[in-house]
Amino acid sequence: MANNEEKLVFLDDLPETYSLEVPAGENKTLRLVALKQLPAKLHLVVNVHRDALFRGAFVDFTDVSTELDLQVNLLEEGAQCDWHLAVLSHGKANKSFSTSVKHIAPHTQALMSNYGIAREQSHLVFTGTSAIEHGAVKANTRQEAKIIVFDPGANGLASPILLIGENDVQASHAAVVGRLNEDHLFYLESRGVSEEDAKRLIALGYLKPIERYYDDPALVEKIDAVIEGEIA
Amino acid sequence: MAELTIKNLHVSVDDTPILKGVNLTIKEGETLALLGPNGHGKSTLLAAIMGNPHYQVTEGEIHFDGQDILAMTPDARSRAGLFLAMQYPSEVPGLNSADFYKAAMNAHRSKPMSLFEYYRALEKAYQNMGIPFEMSKRNLNEGFSGGEKKRNEVLQMELLSPRIAMLDEIDSGLDVDALNVVAKALQEQQARGAGLLMISHYARLLEMVKPSRAAILINGKIAVEGGPELIERVDKQGYEWIKTELGIEVEKEVNAPMNTVSIGACATRVGTNDGK
């Protein structure tokens, strides 16, 4: 059986540029957590080889400005990438997350899923390019970039890009940036839930799903406590 | 018995007046059918009673059980015992249905339910509505069909046991089986002593629920009030007689008499141009 390595990284420990090789047939999971501190710049490069799987999960609940740049290269046949990001930006943070994947070989698969909430005076940007190169037949790529802007002073932008150079592929994307939807709020409130609780429920719906990518119960509890504490 | 009293209610949507002095009372335990041509303010009335912020009350009063409803937020109105099953329920991404129902049910109680009590209530409601319990794990209304959303509204009504439930075209989009399930749920609410204020364009549901009273809303006002015989008359004759008998000119065109769409057909309203 392949060597399956799991790595949990608190971002205080991370150098500005970090690269990861996922050798043929292996699974590697990188779990990143930023609850208080975060480098101003972070460049991650992941190379995934034949039939290997890279799983990444990133929680950023800080009010620290940052620029993250992730580049995943699916170099050989059957390489897969499964990426999930949950951001709760607040304070005066200026955050930009660029998550890109390149499908170079056939039968490669990628999911880039980014969810965020922008509060207070923060700015949150999700970008990234999912590129399927010529020859990467049967590649399957999906991008999700969703941001809810909670407060009048906050701002969000989601503009993922698909670049497709091969016919026989599947590609999809969903990008949504929106203010808190008044109809949703009224719907929830009309069932007896207060406005604050309704906002909280909507926010939890965005952030909580990330927890399933963290399997350390103590850490999940910690993430949970931050979500519950921040969204009160 | 608590009373919902509406006095001289004027409501505008985006500065366009829709309701122009509605007077109406409904008691707990009564079932009132709200009739009237499309575009004359039926849905507006229900939305205003529940406190939808898109609808501005410019004049008038609403009281329920001695409380000034207009001074209350929608959630406080719900906790006071009002419920609105919406014509177009929202899809809320990422919000788990069961989590939401729990929050809503607990909001109606002074102390939170036990997990056991909650699961039993939830399971029973899903069973009554003929919805697979698995659906409770899905996000609130997300990707639900029109009929599933309507059943989901009735399910929430059951969970919250309102004193007065308002139902805005709860029967549109339902097939015959679902209609029977919904009718049964409404009959249970009647038996429990709840009041029902219903808008429906199809006689079928009203035949099963048997309203004790009916009111016809025309030109933003209640033109006629009466017993169930009014429902039958509108069903057979439409609204033309109102002009000849009462001298009320129907300002907006009446496009669709009742029963132009048969039960079992798709929910789209044929020949109408109104969502209000």
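## Strands 6 and 7 of chain B

Strand 6 and strand 7 (residues 164-168) of chain B run parallel and are joined by four bridges; strands count as paired if DSSP finds at least two bridges between them. Here B:Leu84 has B:Met166 in strand 7 as its bridge partner. Strands are DSSP runs (E, at least two residues) and helices are DSSP runs too (H or I, at least four), numbered from the N terminus.

This is a predicted model, where local features need pLDDT of at least 70 and side-chain atom pairs count only at pLDDT 80 or more, while totals for chains, interfaces and linings use all residues. Residues are numbered from 1 along each chain as its sequence is written, and chains are lettered from A and ligands numbered from 1 in the order in which they are written.

## The six-stranded sheet

Let's step back to the sheet. Six strands of chain B make an open sheet with mixed pairing, in the order 6-7-8-3-9-10. Strand 6 (82-85) and strand 10 (221-226) are at the edges with a single partner strand each, so one side of each has no neighbour in the sheet.

Elsewhere in chain B, strand 1 (residues 3-13) and strand 4 (residues 55-64) run antiparallel, joined by eight bridges. B:Leu4 sits opposite B:Phe64 of strand 4.

Strand 4 also pairs with strand 5 (residues 67-68) in the antiparallel sense, over two bridges, and B:His63 has B:Asp68 in strand 5 as its bridge partner. These two strands form a hairpin with two residues between them, and B:Asp65 in the turn has a positive phi of about 55°.
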